[in-house]
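Biologist: Could you walk me through this model while I have it open on my screen? I will ask things as they occur to me.
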Amino acid sequence: MNRSAQTVLIGVAALALIFAPLYLGAYSLTLLGRVLALSIAAIGICVVWGRGGILSLGQGLFFGLGGYALAMHLKLMATAKGELPDFMVYNGVEALPWFWKPFVSAPFALLMVLILPAAAAGLIAWLMFRRRITGVYVSIITQALVLAFVTWLNGSQGLTSGTNGITDFQMFLGINLRGESVARGLYWVTLLILGLCLAATALLLRTHFGAILTAIKDNENRVRFLGYNPAAYKIAAFALGGLLSGVSGALYTLHLGTISPAMIGVTFSIELVVWVALGGRSSLIGAVGGLILGNLAKDKISSAAPDAWLYVMGGLFVLVVLVLPQGVAGLLNHRRVRRTVPSVRREVKEVTDIA
Amino acid sequence: MPEMLLDVQGVTVSFDGFKAIQNLSLTVEKGSLRVLIGPNGAGKSTLLDTIIGKVRPVSGDVRYLGQSITRLPEYKIATLGICRKFQAPGVLDGLSVRENLLVACKRGKGVLASFKLGAAASERARVDELLSLTGLQGKAGMLAALLAHGEKQWLEIGMVVAADPQLLLLDEPTAGMTAQETAQTAELIRALAGKHTVLVIDHDMAFVELLDAPITVLHQGQVFREGDLATLRADADVMEIYLGRPKETPHAQA
């Protein structure tokens, strides 16, 4: 597929998404909005894994931090002044825990949606990459961390509402979340944020930073001995991935009206990676498209045949690993790469002819 | 007395008890071209690894322009002006030839400095200069992964030279090259020698002859001999360690 066809395709998809509220039913629109929110996390995985070569199986941790940061504010907004959130009362908590207090302020909560996931990701990355931990060990560590986070959430009934998660939201920034037109507005806000994140990341990857990230994935040692500190670049990429996951988590929480440990765990984190792999991890559009289409398919298939879903997903993942290492996006770009290869072959042939 | 650029003082490197380098001392004058030879396992690559900080010595000191660099992080050693070409071509496969050179010649290597689109005019000019130095002008837009083996070697030499390091360490730059490519490489390196201080490792005696430079022979992790090629060729001990021949060869028939 050539570049102009690609541009046209992306343009059509963008228009279809912008006008979706005008032709989609309520259920479909909610589903699409939710999936768009989720796809912001895919941008992060594209940067961290597709470009940086760091496979994190724990993006749910940062997604959860963003989601919980917003949920805590929403919960306090839904609670009468001077009272405790309902689940704290049930669990015999007598005073609002210290780390809940500042979340009364919406600006603080919104800031935390950005800062908490980015800082957590940056810290984890600093601990790992400073020690030059790479490859499968990074995957195992991140997976263990998300598991630990979920376990802690589940165990801290009185602080986080445990397995039930935080729910029952009403107001956000003075808007009644249960109002009539909120679904549309939220959809457009989500689409706008997705568009901004996509554009900013695309721009970032075209800078020198993007080139160094690809270079580190190809040959970390060469980059190091050219005078770069690869750890610093990997930490920055990982923090950015965490930030995008956090934004995604906060938006997703708004769409769903709840967040719970079950939504952000190991399975969720792996699913994100599977969709990105399927779409094409090194292409932003591939990663986002893969996640959107994958989740829409999941909705259809899992409501038709709930038991079959996991097998379908597993099968798709095996297919990608065996046949399409660069995903569907890689398949579309395949022809462009192929075209340059025959010239090399021809040169080789000429040489052997002479010999 | 000429100024010393590199001063390796009594360095010992040990891998789990095996001493790859033993109490090795070596000095390299500024602006000189020096060739390191020696049989497999003599410690040539390990010596370069030690200079760039990839391997840390158990004792001894590596001094560069009078400053000890033995404990500096690798990327800082590189920014001081020491750059090494690895034995296997270490180009960045996912980037184009031009991007490879640009990554190598950027001045600011920090993360914050990297958030910039495009390249400065001076950097673009430098890349063009390097493209013509390495003869890769015609392939500037090509992915490095698609280059032929010899071209990858040249590209990496270009990358190593890009930031104008004072000390160039070249580890078997002609590995896998044809005779003609080897001759071109020798010419390229001799051209670099005036501007940079160059330390070359190679096995290929034809190439070493073309370089026409003082030679240091390493053997079992130590400096065994120093001299020019003619002297060393006449040295029975050198021939013995190099070719593995016994000293007395009364029954040699070939």
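Biologist: Which polar contact joins the side chains of B:Glu226 and B:Thr216, and at what distance?
Modeller: Bear in mind throughout that this is a predicted model. In it, the side chains of B:Glu226 and B:Thr216 are joined by a polar contact of 3.2 Å. The side chain of B:Glu226 also makes a polar contact with the side chain of B:Arg34, at 3.2 Å.

Biologist: Where does B:Glu226 sit, and what is it in contact with beyond its neighbours in sequence?
Modeller: B:Glu226 is in strand β10 of chain B, which covers residues 222-227. Leaving aside neighbours within four places in sequence, B:Glu226 is in contact with B:Leu26, B:Arg34, B:Ile215 and B:Thr216. For B:Ile215, the C-alpha atom is 5.7 Å from that of B:Glu226, although the two residues are 11 residues apart in sequence.

Biologist: Switching to the sheet in chain B, what is the strand order?
Modeller: The order is β2-β1-β4-β5 in chain B, an open sheet of four strands with antiparallel pairing. The edges are β2 and β5 of chain B, the latter being residues 67-68, and each of these edge strands pairs on one side only.

Biologist: How many bridges join β1(B) to β2(B)?
Modeller: Eight bridges join β1(B), residues 4-15, to β2(B), residues 18-29, and the two strands run antiparallel. Within that pairing, B:Asp7 stands opposite B:Thr27 of β2(B), while B:Phe15 stands opposite B:Phe18 of β2(B). The two strands form a hairpin with two residues between them, and in the turn B:Asp16 has a positive phi of about 50 degrees.

Biologist: And what about the bridges from β1(B) to β4(B)?
Modeller: Five bridges join β1(B) to β4(B), again with the strands running antiparallel. B:Arg63 in turn has B:Ser68 as its bridge partner in β5(B), and β4(B), residues 59-64, is joined to β5(B) by two bridges in an antiparallel arrangement.

Biologist: Let's step back to whole chains. How many helices and strands are there in chain B?
Modeller: Chain B has nine helices and 10 strands. Its radius of gyration is 19 Å, close to the 18 Å that the globule rule gives for 254 residues, so chain B is as compact as a globular protein of that length. Along the principal axes, the C-alpha trace of chain B spans about 70 × 40 × 40 Å.

Biologist: What does the secondary structure of chain A come to?
Modeller: Chain A comes to 17 helices and four strands. Its radius of gyration is 22 Å, close to the 20 Å from the globule rule for 355 residues, so chain A is as compact as a globular protein of that length. The C-alpha atoms of chain A fill a box of roughly 90 × 50 × 40 Å, taken along the principal axes.

Biologist: How many salt bridges does the structure hold over all chains?
Modeller: There are 20 salt bridges over all chains. One of them pairs A:Asp86 with A:Lys75, with the closest N and O atoms 3.2 Å apart. A:Asp86 lies in helix α5 of chain A (residues 86-90) and A:Lys75 in helix α4 of chain A (residues 59-77), so the pair ties together parts that are 11 residues apart in sequence.

Biologist: How many salt bridges are found across the interface of chain B and chain A?
Modeller: Two are found across that interface. B:Glu156 forms a salt bridge with A:Arg222, with the closest N and O atoms 2.4 Å apart. There are also 12 residue pairs in polar contact between chain B and chain A, counting pairs with both residues at pLDDT 80 or more.

Biologist: Which elements of chain B give two or more residues to the side that touches chain A?
Modeller: These are α2 (74-79), β6 (82-85), α3 (97-105) and α5 (149-162) of chain B. The most comes from α2(B), which gives four residues. By residue type, the side of chain B that touches chain A divides into 18 nonpolar, six polar and 10 charged.

Biologist: And what area is buried between the two chains?
Modeller: About 2600 Å² is buried between chain B and chain A, and carbon and sulfur atoms give 69% of that area. In terms of residues, 34 of chain B are in contact with 29 of chain A.

Terms used:
Residues are numbered from 1 along each chain as its sequence is written. Chains are lettered from A and ligands numbered from 1 in the order in which they are written. Side-chain values use heavy atoms; hydrogens and water are left out. Contact means heavy atoms within 4.5 Å. Buried area is the accessible area (1.4 Å probe) that two parts lose on being put together, summed over both. A salt bridge is a side-chain nitrogen of Lys or Arg within 4 Å of a carboxyl oxygen of Asp or Glu. A polar contact is a pair of N or O atoms within 3.5 Å; within protein, one must be able to donate a hydrogen and the other to accept it, and residues adjacent in sequence count only if both atoms are side-chain atoms. Ala, Val, Leu, Ile, Met, Phe, Trp, Tyr, Cys and Pro count as nonpolar, Asp, Glu, Lys and Arg as charged, and the others, Gly among them, as polar. Two strands pair if DSSP finds at least two bridges between them. The radius of gyration is taken over C-alpha atoms; the globule rule is 2.2 Å times the number of residues to the power 0.38.
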